[in-house]
Amino acid sequence: MDITERYDVRVEAAPEPGPLSRWLWIVKWLLLIPHYVVLFFLGIGFVVVTVVAFLAILVTGRYPRPLFGYAVGVLRWSWRVSYYGYGALGTDRYPPFTLADVPDYPARFDVAYPERLSRGLVLVKWWLLALPHYLILGLFTGATLAVGSRAGEGRSATLPGLLDVVVLFAAVALLFTARYPRGLYDLALGIDRWMLRVVAYATLLTDRYPPFRLDQGGPDRAPRVSAGSG
């Protein structure tokens, strides 16, 4: 069986059946400010929950169910915002303010609740085992490099990644044609899907190692799962 057919992190997205707005992408950053504010505070909670879950898994081998539901909900909310915004520009439908799954929204995220997790893996999977994925995703999503200056002071420069280039070309296409080229859409979704699988693994939501592949476009081939989002 193909690894993606039994992988327990599911990242779904459905392309819009009709044309997208030619200009809305220009102001989506402004429209998303309320989401960014809420996600900032949710993200603080996400970090706290992940630390508590780390200790719980280390001692009991289980991720507390209510905390798991919260963590999945934050990633789900983030995925909807990313899909609407500059992680994909995949829809003009404004994302809802909720941690819960919204079945009719075009972007969905789910993780099967693990009854048991490895106590040993929790010590190494989020940094050592995930490192190869981090290196690849750095090319896909951009990397920050340290550079020198004439004064000898260190500076950092952020290089755009493949996803940035793909979304930029998609924005230009939308501006002139109101259409999202399917090849660009599929590639953007594949990168986003890979990234979310790695995030779920690195934040201790699953012990299943993420596959090294771009599952571009179409439905996620992972089975429909029942998330732990209460």
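Which residues does W194 touch, not counting residues up to four places away in sequence? They are H133, I136, L137, F140, P211, F212, R213 and L214, where a contact means heavy atoms within 4.5 Å.

This is a predicted model, in which local features need pLDDT of at least 70 and side-chain atom pairs count only at pLDDT 80 or more, while totals for chains, interfaces and linings use all residues. Residues are numbered from 1 along each chain as its sequence is written, and side-chain values use heavy atoms, with hydrogens and water left out.

**View 1. W194 in helix α7.** W194 belongs to helix α7, residues 182-202; helices are DSSP runs of H or I with at least four residues, numbered from the N terminus. W194 counts as buried because its relative accessibility is 6% (buried means under 20% relative accessible area and exposed over 50%, with a 1.4 Å probe and protein chains only). L214 is 20 residues from W194 along the chain, and their C-alpha atoms are 6.4 Å apart.

**View 2. The buried face of helix α6.** The buried residues of α6 are L163, V166, V167, A170, A171, A173 and L174. Seen down the axis of α6, they fall within an arc of 165°, so they line one face of the helix; the arc is that of the directions from the helix axis to the C-beta atoms. They pack against α1 (24-31), α5 (131-141) and α7.

**View 3. The other side and the end of helix α6.** L168, F169 and F176 are exposed on the other side of α6. After α6 comes A178, which has a positive phi, near 60°.

Notes: Helix = DSSP H or I, 4+ residues; strand = E, 2+ residues; numbered from the N terminus.
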